Amino acid sequence: HHHHHHHHHHHHHHLQRGIQQGRRMASERSVTTRSMSASYRGNLLSERQALEVARAAKRVAVLGIKTADKSSQASYYVPEYLQSQGVEVVPVPVYYPEVKEILGERVYRTVSEVPSSSSLCIVDVFRRPKDLHQHLEDLLQAKPKCVWLQSGISDRDFEEELAKNGIKVVSSRCLLMDHQRAVRQSSL
């Protein structure tokens with residue numbers, strides 16, 4: 001009799017586990033369908049998250065980079081600074097069709113043609129808000145980890161489109177300033 005009781009208990013326990021597993025699978029499924037609405041907002045980064053991304057950046061493509069004759073403009077001196085900090089900079093200029101190298105690095109014409117573009121930590125963007133949408137397809141194809149829009153650059157629809165496609169977005173922040181701050185904070 002005692003043996004029978006034990007067997008029953010074991011069976012009940014097994015049933016419990018099955019129910020829990022079923023519940024977990026169901027909740028994972030609902031997360032997937034919800035991810036298009038709510039959870040993509042998690043890809044629109046806060047200030048703290050932006051600093052973390054800046055600090056960890058190893059390889060950064062710069063869309064709209066300028067050349068050394070424009071060294072007083074952020075679109076040149078920001079990537080120049082990043083390079084001086086040991087970040088690998090990949091230039092993606094929009095103008096200068098004849099230029100082959102910027103900051104001693106080979107120039108690419110689109111982000112998606114950068115080798116292993118999906119391993120880019122950041123695409124730092126220097127474009128006017130009205131010019132952002134022409135780069136959307138290229139960025140979605142390139143699938144970088146993060147698209148960073150420099151200070152004064154933002155476009156809600158553009159940002160949400162990237163976020164919905166699993167790309168993190170930083171809006172209207174300076175990568176140079178944030179990198180300096182992040183490095184300072186982490187060395188304290």
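Start by selecting helix 2 (residues 47–56) and helix 6 (175–187): their axes come within 8 Å and cross at roughly 85 degrees. Axes here are lines fitted to C-alpha atoms, for helices over the stretch in contact, with angles running from 0 to 180 degrees between N-to-C directions. The two helices are therefore roughly perpendicular, a label for angles of 65 to 115 degrees (under 35 is roughly parallel, over 145 roughly antiparallel, the rest oblique). Helices (H or I, at least four residues) and strands (E, at least two) are DSSP runs numbered from the N terminus.

Before going on, a word on what's loaded. This is a predicted model, where local features need pLDDT of at least 70 and side-chain atom pairs count only at pLDDT 80 or more, while totals for chains, interfaces and linings use all residues. Residues are numbered from 1 along each chain as its sequence is written, and side-chain values use heavy atoms, with hydrogens and water left out.

Now show side chains where the helices meet. From helix 2 you get Glu 47, Ala 50, Leu 51, Ala 54 and Arg 55; facing them in helix 6 are Leu 175, Asp 178, His 179, Arg 181, Ala 182, Gln 185 and Ser 186. Contact means heavy atoms within 4.5 Å.

The term covers a side-chain nitrogen of Lys or Arg within 4 Å of a carboxyl oxygen of Asp or Glu. Arg 173 sits in the loop between strand 7 (168–170) and helix 6, so the pair ties together parts 126 residues apart in sequence.

Next, pick Glu 88 and Arg 59, another salt bridge, at 3.5 Å between the closest N and O atoms. Glu 88 is in strand 2 and Arg 59 in strand 1, so this pair links parts 29 residues apart in sequence. Arg 59 counts as buried at 13% relative accessibility, whereas Glu 88 is partly exposed at 37%. Buried means under 20% relative accessible area, exposed over 50%, partly exposed in between (1.4 Å probe, protein chains only).

Move to helix 3 (residues 74–84). Which of its residues are buried? Select Ser 75, Tyr 76, Val 78, Pro 79, Tyr 81 and Leu 82. They pack against strands 1, 2, 3 and 5, and against helix 6. After the helix comes Gly 86, with a positive phi near 90 degrees.

Finish by coloring by pLDDT, the predictor's confidence in each residue from 0 to 100. The chain's mean is 88, but residues 27–35 stay under 50.
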